[in-house]
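This report looks at a sheet and at the aromatic rings around it. Please keep the sequence and the model in view while reading.

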Amino acid sequence: TMLFAVAPWWHFLPFPTSPSSRLRCQTAVLRESPRVPARWQATPDCERPVRWREVLITDEDCKLQREEAAVAAQAAAARAGQPATTYSELVHSLVTVEQFLAANERAEARGRLLAVKFYSQRCRACLRIAAKYRRLALDFSSGVDCYEAEQRSARPLLDALGVTSVPTLQIYRPHGVVMLTSGAYRPEELPRVDKRVRTALRSIRERPGLWLSRGERLEATLREQSSPPSTRPP
């Protein structure tokens with residue numbers, strides 16, 4: 001009698017020889033994915049070459065985004081003259097350091113504070129706080145300009161502002177781009193964050209001189225980072 005050993009099914013595949021090796025192979029491919037060149041990092045996905053897109057991968061994705069933007073624009077035109085209420089009207093996106101500095105200039109001209117929420121599209125906690133951040137923007141609409149920056153699309157901005165985890169909320173006094181507070185913005189932290197915003201608003205109004213000497217001044221450093229290399233001081 002002759003006995004034959006039956007090999008596992010994966011031995012008959014042309015490559016790799018086991019499930020674990022297949023996993024290692026796939027992991028290696030992910031690790032070797034090319035990094036988006038610096039020239040495209042601040043460019044919206046749909047304006048990049050297809051190979052460098054990160055979120056909106058296909059032309060169909062971009063088409064849907066344009067259609068949604070057109071609908072939102074029509075709705076905004078219909079509400080012209082009415083107070084902002086939707087998330088996109090209350091919370092604007094930031095991608096670059098230049099946009100962040102411009103937002104500070106606008107807030108300073110209006111005598112307001114500036115809040116920035118840093119989040120990731122792949123973060124569940126970030127998605128859970130979106131409605132809460134809209135509520136914060138509504139509650140403090142008389143004194144705070146609210147923005148948000150997405151981790152992947154605004155990576156240079158997060159690096160410049162020292163953001164190492166998401167969700168994070170930072171509050172700034174625009175004059176001199178002074179960071180007043182920075183901290184986690186997870187669901188369980190919301191009451192504490194709300195209190196920090198109220199305290200900052202009240203303190204600046206009641207004791208403005210005290211806050212001029214507090215916080216971390218970032219304007220000079222950020223402007224130097226955002227300027228072309230040829231214009232930077234030696």
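A residue is called buried when its relative accessible area is under 20%, exposed when over 50%, and partly exposed in between, using a 1.4 Å probe and protein chains only. This is a predicted model, in which local features need pLDDT of at least 70 and side-chain atom pairs count only at pLDDT 80 or more, while totals for chains, interfaces and linings use all residues. Residues are numbered from 1 along each chain as its sequence is written, and side-chain values use heavy atoms, with hydrogens and water left out.

Helices (H or I, at least four residues) and strands (E, at least two) are DSSP runs numbered from the N terminus, and two strands pair if DSSP finds at least two bridges between them. Six strands form an open sheet in the order 1-3-2-4-5-6, with mixed pairing. Strand 1 (91-93) and strand 6 (216-217) are at the edges with a single partner strand each, so one side of each is left without a neighbour in the sheet. Strand 4 (residues 168-173) pairs with strand 5 (residues 178-184) in the antiparallel sense over six bridges, and Y172 has M179 in strand 5 as its bridge partner.

Rings of Phe, Tyr and Trp (its six-membered ring) pair if their centres lie within 6.5 Å, and planes under 30 degrees apart count as stacked, over 60 as edge-to-face and the rest as tilted. The structure holds two aromatic pairs.

| Pair | Centre to centre | Angle between planes |
|---|---|---|
| F100 and Y172 | 5.0 Å | 70 degrees |
| Y133 and Y185 | 5.9 Å | 75 degrees |

F100 in helix 5 and Y172 in strand 4 are 72 residues apart, and both F100 and Y172 are buried.
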